[in-house]
Amino acid sequence: MADPNKVDPIHQFAITDVFSIGEGGFALTNSALFMVLTVGLIIIYMVGSTARRSVVPSRAQVVSELLYDFVANMVRGAAGSEGMKFFPFVFSLFMFVLIANMFGMIPFFFTVTSHIIVTFALAMLVFVVVIGYGIYRNGFKFFKLFVPAGVPAYVLPIVVPIEIVSFISRPISHSVRLFANVLAGHITVKVFAGFIMSLGSLGVLGFLGASLPLIMTIAITALEFLVAALQAYVFAVLTAMYINDAIHPSH
């Protein structure tokens, strides 16, 4: 009989203790461990690849510079030159989501972005930064964000509440988009992998029948690598667009 932990598509998202100190004391979970590993890998790679910069760059330096230019162009395009002061913030979010997603593609590794609490915390961080800087830079003029330019005054009682609700819901949509895509993709891969195990245990005919879910698993896994990178980009570009609202609240 197959181990249920190996075929259960939800089991891969369970948070477990890696080790703990005392009963009810400090505990390091797999989620916390992989967040630390994600940040650690980013720091080690970025520092290591740029510590000895040269005119003829190494492959690691080229990748670092490509990532830098990619995010810089994204921020500049979405928030203008003034938005570049937030480049370190957007770059950090992009790299964290990208590496965390890629870690999740490695067998037996944990995907921290598959948990809504993690993606919501990142989205709320963006939300707080946007509101804080928007009010700091513009004062009460920041609230022009909720009054679209050119809208007739008699329509404002309807439009303003819609704009406020839309703004408040940003952390929800920002976090759910990343969480849902990662969660759904990993569940789909696990389900098709479970079909392979189930059919493969039925003998020769089952083994032949398992070829189709095997092909689907490979195809979906390849797609998941694309989704992992795309979701990091989407999260970062939306962050840059929200920052633009803090810089230029009138629209």
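The centres of domain 1 and domain 2, taken over C-alpha atoms, are separated by 20 Å in this predicted model, and the domain assignment, whose bounds come from an automatic or database source, places domain 1 at residues 1-51 and domain 2 at residues 62-247. Residue numbers start from 1 along each chain as its sequence is written. Because the model is predicted, local features need pLDDT of at least 70 and side-chain atom pairs count only at pLDDT 80 or more, while totals for chains, interfaces and linings use all residues; side-chain values use heavy atoms, with hydrogens and water left out.

**Overall fold**
- The protein has 9 helices and 2 strands, where helices (H or I, at least four residues) and strands (E, at least two) are DSSP runs numbered from the N terminus.
- Read from the N terminus, the elements follow the order α-β-β-α-α-α-α-α-α-α-α.
- Taken along the principal axes, the box filled by the C-alpha atoms is roughly 70 × 55 × 45 Å.

**Interface between the domains**
- Contact, meaning heavy atoms within 4.5 Å, links 23 residues of domain 1 with 20 residues of domain 2.
- About 2000 Å² is buried between domain 1 and domain 2, with carbon and sulfur atoms giving 79% of that area; buried area is the accessible area (1.4 Å probe) that two parts lose on being put together, summed over both.
- Of the area that domain 1 buries against domain 2, 31% is supplied by Gln12, Phe13 and Phe34, which is more than any other three residues supply.
- On the side of domain 1 that touches domain 2, the elements giving two or more residues are α1 (4-7) and α2 (30-50), and α2 gives the most, with 13 residues.

**Aromatic pairs**
- The count comes to 15 aromatic pairs under a rule in which rings of Phe, Tyr and Trp (its six-membered ring) pair if their centres lie within 6.5 Å, with planes under 30 degrees apart counted as stacked, over 60 as edge-to-face and the rest as tilted.
- The ring centres of Phe70 and Tyr233 are 5.6 Å apart and their planes stand at 45 degrees, so this pair is tilted.
- Since Phe70 lies in helix α3 (residues 59-79) and Tyr233 in helix α9 (residues 211-247), the pair ties together parts that are 163 residues apart in sequence.
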